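User: Please take a close look at one part of this model and describe how it sits against the rest. Start with the overall picture, then go residue by residue.

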Amino acid sequence: MPNQRDSAADDPPADLPCLEKLDSPTGSPPTASLSSLMELQNCVSNLSLAHEIVVNRDFSFKPRSAATDSLEGRVSQIVHRAFWDGLQEQLNSDPPNYNHAVVLLQEVKTMLQSLLLPGHIRLRSQLDEVLDMDLIRQEVDHGALDLPRLSGYIINTMASLCAPVRDPEVRALRDLKDPVELLREIFRVLGLMKTDMVNFTIQSLRPHLLQQAVQYERTKFQQILDQHPASLDWTSAWLEAAASEEAQSDSPSPDSRGPVSPTAVLNRAYMRLLHWDPQDQKYPETALMDRARLDALGQQLEMLVLEASVLLLTGAQCGGSVFSLQGFVGKLRHAIAALLEGSHSR
């Protein structure tokens with residue numbers, strides 16, 4: 001947050017992003033400091049990640065790779081090719097230059113250590129002994145570095161730590177003879193193993209996160225609200241509209257209205273989300289993380305309503321004699337679903 005003593009000096013420039021919402025019911029501060037925005041972004045990112053882990057039981061991280069036909073993909077290929085070609089030249093020189101190879105071995109050791117569990121005491125000690133970087137540098141200085149031996153140990157260690165799904169890829173490393181190709185593949189497979197470890201950790205922690213999810217999200221939203229009081233304006237407007245509709249449905253006369261049930265208000269509010277106008281940008285902030293799921297659920301609801309309407313009209317027009325035919329209703333439902341498929345994207 002800006003220092004109150006130097007408020008004039010800390011005023012953000014005009015091109016900094018602003019948290020002001022033009023359509024906000026209560027308004028918001030005209031500007032926000034860069035540090036405040038970064039803190040808010042970090043808070044929202046952590047909240048979104050924790051929420052996704054709790055709500056989506058199939059959540060997992062996927063190895064990221066840029067499309068080969070994209071600019072990022074082409075630049076990445078050029079940089080990687082230049083790096084590995086440079087390593088190839090160093091190893092093919094006479095005498096071989098192992099400077100970059102030693103750096104890569106250090107990175108491999110660090111990656112293997114990150115895969116170790118607290119109970120891997122013996123394996124950790126063995127890793128420090130075999131991949132002793134001081135000893136390796138001495139061997140390089142005396143021309144006694146045995147790169148195939150170290151590579152074999154690394155592959156064996158990877159085989160003992162990897163998930164069963166990675167066994168074929170680790171076994172394939174043993175068939176590689178070119179040291180540059182071998183190191184490149186070792187890094188690729190280690191990257192996959194780190195992703196597997198992260199996903200395993202997430203699944204292990206998920207039951208504990210479920211127990212703390214409600215309190216955690218409540219605390220995070222309170223932090224956001226304390227720093228930016230207008231950050232939940234649309235949520236307030238959404239709930240107020242639902243409460244007003246619920247009160248009117250219970251008693252049209254204002255004089256006879258009593259207190260409405262919070263549960264009924266929430267039910268009506270979430271039913272409104274199932275019919276939300278895609279063009280309406282005032283989506284409640286507390287439901288933004290689930291918008292994709294709620295939109296999909298709303299589309300399924302519309303499909304069910306349309307299917308039921310067609311079935312009712314068909315039954316009224318054709319009578320029970322047609323509806324009693326074996327398999328007629330099922331075939332009609334499949335035909336309706338096929339006709340309506342993709343209708344929301346058109």
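**Helix H5 in its setting**

Counting contacts (heavy atoms within 4.5 Å) in the protein chain between residues at least 6 apart in sequence, 59% join residues at least 24 apart. This is a predicted model, in which local features need pLDDT of at least 70, side-chain atom pairs count only at pLDDT 80 or more, and totals for chains, interfaces and linings use all residues. Residues are numbered from 1 along each chain as its sequence is written, and side-chain values use heavy atoms, with hydrogens and water left out.

The protein chain has 13 helices and 0 strands, where helices are DSSP runs of H or I with at least four residues and strands are runs of E with at least two, numbered from the N terminus. Of its 346 residues, 31% count as buried, that is, under 20% relative accessible area, with exposed meaning over 50% and partly exposed in between (1.4 Å probe, protein chains only).

Helix H5 spans residues 133–141. At its start, a side-chain oxygen of Asp132 lies within 3.2 Å of the backbone nitrogen of Asp134. Just after the helix, Gly143 has a positive phi of about 65°.

The buried residues of H5 are Met133, Ile136, Glu139 and Val140. Viewed down the helix axis, these buried residues fall within an arc of 115°, so they line one face of H5; the arc is taken from the directions from the axis to the C-beta atoms. Asp134 and Asp141, on the other side of H5, are exposed. Helix H3 (99–115), helix H4 (121–130) and helix H6 (147–161) are among the elements that cover the buried residues.

Glu139 is a charged residue on the buried face. Leaving out residues up to four places away in sequence, Glu139 touches Ala144, Leu145 and Arg149. Although buried, Glu139 has no salt bridge: the nearest side chain of opposite charge, Arg149, is 4.1 Å away. A salt bridge requires a side-chain nitrogen of Lys or Arg within 4 Å of a carboxyl oxygen of Asp or Glu. For charge, Lys and Arg count as positive and Asp and Glu as negative, while His and the chain ends are not counted.

Two cysteines complete the account. Cys43 counts as buried because its relative accessibility is 9%, and Cys162 counts as buried at 12%. The whole structure contains 0 disulfides, a disulfide being a pair of cysteine sulfur atoms within 2.5 Å.

Key: A polar contact is a pair of N or O atoms within 3.5 Å; within protein, one must be able to donate a hydrogen and the other to accept it, and residues adjacent in sequence count only if both atoms are side-chain atoms.
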